[in-house]
Amino acid sequence: MSYAALKIIHVISVIFSYLLFMLRGIWMMQNSSILQRRWVKILPHVIDTVLLASAVTLVTMIQQYPGMSAWLSTKIGGLLLYIILGMMALRFGKSRKIKIISWITAQIVFFYIVLVALTKNPTLIS
Ligand code: HEM
């Protein structure tokens, strides 16, 4: 598969990952039973696996690894933060307030990662 095709798959999985995370947060705030549906529990894992697998394959193809380039290290750190905040928002947050604050912060982190991807610079100056 070409680098360009893989990058499109990466970006599509990024978009779906975000949309699903946003929806799950809205369902969390509405105390909706949709959150308990089987597909809602499984699909995020499938999408995030595609996201990570495409990321790993892309860095292998350009042979720039996190640790070597600051923007990739920042993306990894950002991704970890996004995962932790996402888990607090949808699972482990002790109160509704903590869950909502985690959900909003996760989205800010997510958009920061997108900007780092576009500028290839953690300071966002392209
Ligand atoms: C939530 C996590 C992530 C988001 C939101 C994200 C977002 C994006 C976006 C929007 C692009 C397209 C940039 C462009 O068109 O110029 C991209 C490309 C890319 N991403 Fe990610 N990404 C994420 C995770 C990762 C991770 C963990 C890695 C690997 C460490 C990674 C490696 C790459 C690479 C190598 C490219 C292609 C760069 C290029 O050739 O322009 N991404 N990412």
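Where does Asn 31 lie? Asn 31 sits in the loop between helix 1 and helix 2. Helices here are DSSP runs of H or I with at least four residues (strands are E runs of at least two), numbered from the N terminus. The model is a predicted one, in which local features need pLDDT of at least 70 and side-chain atom pairs count only at pLDDT 80 or more, while totals for chains, interfaces and linings use all residues. Residue numbers start from 1 along each chain as its sequence is written.

**Ligand surroundings**

- The shell around the ligand holds 19 residues, of which Val 14, Ala 55, Leu 58, Ile 113 and Ala 117 come nearest; a residue is near a molecule or strand if its C-beta atom, placed from the backbone, lies within 6 Å of it.
- Two or more residues of this shell come from each of helix 1 (3-29), helix 2 (38-62), helix 3 (70-92) and helix 4 (96-119).
- By class, the shell has 16 nonpolar residues, one polar and two charged. Ala, Val, Leu, Ile, Met, Phe, Trp, Tyr, Cys and Pro count as nonpolar, Asp, Glu, Lys and Arg as charged, and the others, Gly among them, as polar.

**Helix 1 against helix 4**

- The axes of helix 1 and helix 4 are 11 Å apart and the packing angle is about 165°, which means that helix 1 is roughly antiparallel to helix 4.
- Axes are lines fitted to C-alpha atoms, for helices over the stretch in contact, and angles run from 0 to 180 degrees between N-to-C directions. Angles under 35 degrees count as roughly parallel, over 145 as roughly antiparallel, 65 to 115 as roughly perpendicular and the rest as oblique.
- Helix 1 passes helix 4 in a left-handed crossing, a term for the near helix being turned anticlockwise from the far one by less than a right angle (right-handed if clockwise).
- Helix 1 contributes Tyr 18, Phe 21, Gly 25, Met 28 and Met 29 to the contact, and helix 4 contributes Lys 99, Ile 100, Trp 103, Ala 106 and Phe 110. Two residues are in contact if their C-beta atoms, placed from the backbone, lie within 7 Å.
- The residues of this contact comprise eight nonpolar, one polar and one charged.

**Helix 1 against helix 3**

- Helix 1 and helix 3 have axes 10 Å apart at an angle of about 30°, so helix 1 is roughly parallel to helix 3.
- The crossing of this pair is left-handed.
- From helix 1, Phe 21, Arg 24, Gly 25 and Met 28 meet Gly 86, Ala 89 and Leu 90 of helix 3. The contact divides into four nonpolar, two polar and one charged residues.

**Positive phi**

- Most residues other than glycine have a negative phi.
- Asn 31 is not a glycine, yet has a positive phi of about 50°. Asn 31 is exposed, with 8 other C-beta atoms within 10 Å; the cut-offs are 20 or more such atoms for buried, 12 or fewer for exposed, and partly exposed in between, with C-beta atoms placed from the backbone.
- Leu 124, in the segment after helix 4, has a positive phi near 70°. Leu 124 counts as exposed because it has 12 C-beta neighbours inside 10 Å.

**Exposed helix residues and C-alpha separations**

- Ala 4 belongs to helix 1 and is exposed, with 7 C-beta neighbours inside 10 Å.
- Val 56 lies in helix 2 and counts as exposed, having 11 C-beta neighbours inside 10 Å. Val 56 and Val 114 are 58 residues apart along the chain, and their C-alpha atoms are separated by 16 Å.
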